[in-house]
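Student: I would like to learn how to read a model of this kind, feature by feature. Where should we begin?

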Amino acid sequence: PIMASRPRIVQVPGNGGGGDIRNCNFYGWAERAFKQRGYTVKLPEGGMPDPLRARRAIWVPHIINEMCEQDVASSVIVGHSSGACAALRVAESSKVKGIVLVAAYDDPLGDANEAASGYFDEPFDWSAIRNNCDFVIQFAGAQDQFLPIDVQRRVAQSLNLTSCLSASEASPENAFVYFELPRGDHFFSPPFDDLVESVDGCLGYL
């Protein structure tokens, strides 16, 4: 496929990501890696609105209108932590090219700030999310200091994802995939080669 046809990559950070997020976690590294492969990449310039509370009522419209520029159907949303919750809610009500869930959860985990965010006010419509996406990729760290692995596995089961060991297994025919990293934490530091390789795979660029 010609480079221009590649979908937009929209990176949605976790909460706390105010200001330029490029030095945070894997965000700047991923922006460069995706651009090197010919993708257009959208980061929240200056940070997300409402960065500390990451409220659904603010983040979901911002992702759709500002970051995806109202073209969600040709965007790939890479959501990390709170950003993964936001990606799920976007995909619940909109056709999306694909979503990548990094350190995802479906429960406020007893945290008042999470409970107030709005993401967990009603159950996720998992079948709608899956049906609205050409692909879903989930990355979970078994050593995540914030998210129990059983919660992350529950998200994968709810989305009926196929557990894979290598990013090279992702393809247009195997495009609903779950990767569990036995030594993975909350995906704080790059490199994150599996991220770009699995997106390339699901889109058929490998």
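Tutor: With strand pairing: two strands pair if DSSP finds at least two bridges between them. Helices (H or I, at least four residues) and strands (E, at least two) are DSSP runs, numbered from the N terminus. In this structure, strand 3 (residues 75-80) and strand 4 run parallel and are joined by five bridges. Val-76 stands opposite Gly-98 in strand 4, and His-80 has Val-102 as its bridge partner there.

Student: What should I know about the model before going on?

Tutor: The model is predicted: local features need pLDDT of at least 70, side-chain atom pairs count only at pLDDT 80 or more, and totals for chains, interfaces and linings use all residues. Residues are numbered from 1 along each chain as its sequence is written, and side-chain values use heavy atoms, with hydrogens and water left out.

Student: Which other strands pair with strand 3 or strand 4?

Tutor: Strand 1 (residues 8-12) pairs with strand 3 in the parallel sense, over five bridges; here Val-12 stands opposite Gly-79. Strand 4 pairs with strand 5 (residues 133-141), also in the parallel sense, over six bridges. In strand 5, Ile-137 is the bridge partner of Val-100.

Student: How do I read burial, and how many residues of strand 3 are buried?

Tutor: Buried means under 20% relative accessible area, exposed over 50%, and partly exposed in between (1.4 Å probe, protein chains only). Six of the six residues of strand 3 are buried, so the strand is largely enclosed by the rest of the structure. In a regular strand the side chains alternate between the two faces of the sheet. For strand 3 both faces are covered, with Ser-75, Ile-77 and Gly-79 on one side and Val-76, Val-78 and His-80 on the other. Strand 4 is mostly covered, with six of its seven residues buried.

Student: What can be said about helix 3, in length and in burial?

Tutor: The expected span of a helix is 1.5 Å times one less than its number of residues. The twelve residues of helix 3 (residues 82-93) should therefore span 16 Å, and the end C-alpha atoms are 18 Å apart, which agrees. Eleven of the twelve residues are buried, so helix 3 is largely enclosed by the rest of the structure. Among them are Ser-82, Cys-85, Arg-89 and Glu-92.

Student: Which residues does Asp-144 touch?

Tutor: Contact means heavy atoms within 4.5 Å. Leaving out residues up to four places away in sequence, Asp-144 touches Ala-103, Gln-152, Gly-184, Asp-185 and His-186. Asp-144 lies in the loop between strand 5 and helix 6 (149-158), and at 9% relative accessibility it counts as buried. Asp-144 and Ser-82 are 62 residues apart in sequence and 14 Å apart in space, C-alpha to C-alpha.

Student: How many aromatic pairs are there?

Tutor: Rings of Phe, Tyr and Trp (its six-membered ring) pair if their centres lie within 6.5 Å; planes under 30 degrees apart count as stacked, over 60 as edge-to-face and the rest as tilted. A search of the whole structure finds 13 such pairs. One of them, Tyr-105 with Phe-120, is tilted, at 5.8 Å centre to centre and 35° between the planes. Tyr-119 and Phe-120 form an edge-to-face pair, at 6.4 Å and 70°. Both Tyr-105 and Phe-120 are buried.

Student: Where does a charge sit over a ring?

Tutor: The test is that NZ of Lys or CZ of Arg is within 6 Å of the ring centre and within 35 degrees of the ring normal. The charged end of Arg-130 sits over the ring of Phe-176, 4.0 Å from its centre. Arg-89 lies over the face of Phe-124, at 3.9 Å from the ring centre.
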